[in-house]
Amino acid sequence: MPVSMHPERDNVYRFEIRGTLTKAEMDQASAAVVAEMKRIGKVRLLFVLIGFQGWEKNQAWNDLTFYVQHGNQIERIAIVGEERWKSEALMFAAADLRSAPVQFFPSRAMAEARAWLSS
């Protein structure tokens with residue numbers, strides 16, 4: 001599976017995304033994080049783009065149901081990946097719409113991303 005979720009510590013979860021992200025894979029990852037939110041409450045998310053090739057073409061990406069229903073349960077989002085994905089990744093994460101901060105970090109800055117998530 002190109003998307004995998006890994007608990008890091010406390011309420012921090014790391015999602016590794018490889019290749020081309022499909023809507024079905026993102027829906028499965030979203031369901032997994034919702035289950036964790038129900039179990040522990042608010043979460044902080046670390047998305048790591050590894051060999052990322054973008055998003056599949058799918059009109060359903062416009063569905064904001066997850067954001068509307070669960071957006072307030074996310075405290076911070078860090079995205080780590082190649083600089084060329086920065087603008088699109090921040091747009092995809094709805095960085096400008098969220099009350100929670102969203103930050104993009106270059107691939108070499110994993111330690112900084114983890115430190116920022118903890119601050």
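Asp27 is partly exposed, with a relative accessible area of 38%, where partly exposed covers the range between buried (under 20% relative accessible area) and exposed (over 50%), computed with a 1.4 Å probe on protein chains only. The model is predicted, so that local features need pLDDT of at least 70 and side-chain atom pairs count only at pLDDT 80 or more, while totals for chains, interfaces and linings use all residues. Residues are numbered from 1 along each chain as its sequence is written, and side-chain values use heavy atoms, with hydrogens and water left out.

**Salt bridges**

Asp27 pairs with Lys23 in a salt bridge, a term that stands for a side-chain nitrogen of Lys or Arg within 4 Å of a carboxyl oxygen of Asp or Glu. Lys23 is buried, at 14% relative accessibility, and both partners belong to helix H1 (residues 23-40), where they are four residues apart, or about one turn of the helix. Salt bridges with shared partners also link Glu8, Arg14, Glu16, Arg18 and Arg114 into one network.

| Salt bridge | N to O distance |
|---|---|
| Arg14 and Glu16 | 3.1 Å |
| Arg18 and Glu16 | 3.1 Å |
| Lys23 and Asp27 | 2.6 Å |

Glu16 takes part in a bridge with Arg14 and in another with Arg18. Glu16 is buried, with a relative accessible area of 15%, and Arg14 is buried as well, whereas Arg18 is partly exposed at 39%.

**The largest pocket**

The largest pocket holds about 810 Å³ of space. A pocket here is an open set of points on a 1 Å grid over the protein atoms alone, where a 1.4 Å probe fits and protein lies on both sides within 12 Å along at least five of seven lines, and lining residues have an atom within 4 Å of a point. Of its 33 lining residues, Met26, Trp61, Phe92, Ala93 and Arg98 are the closest to the centre.

At least two lining residues come from each of strand E2 (12-21), H1, strand E3 (43-55), helix H2 (65-70), strand E4 (74-81) and helix H3 (86-92), these elements being DSSP runs numbered from the N terminus, with at least four residues for helices (H or I) and at least two for strands (E). H1 gives the most, with six residues. By residue class, the lining holds 25 nonpolar, three polar and five charged residues, where Ala, Val, Leu, Ile, Met, Phe, Trp, Tyr, Cys and Pro count as nonpolar, Asp, Glu, Lys and Arg as charged, and the others, Gly among them, as polar.

Methods:
Points joined across faces, edges and corners; volume = space filled by probe spheres on them.
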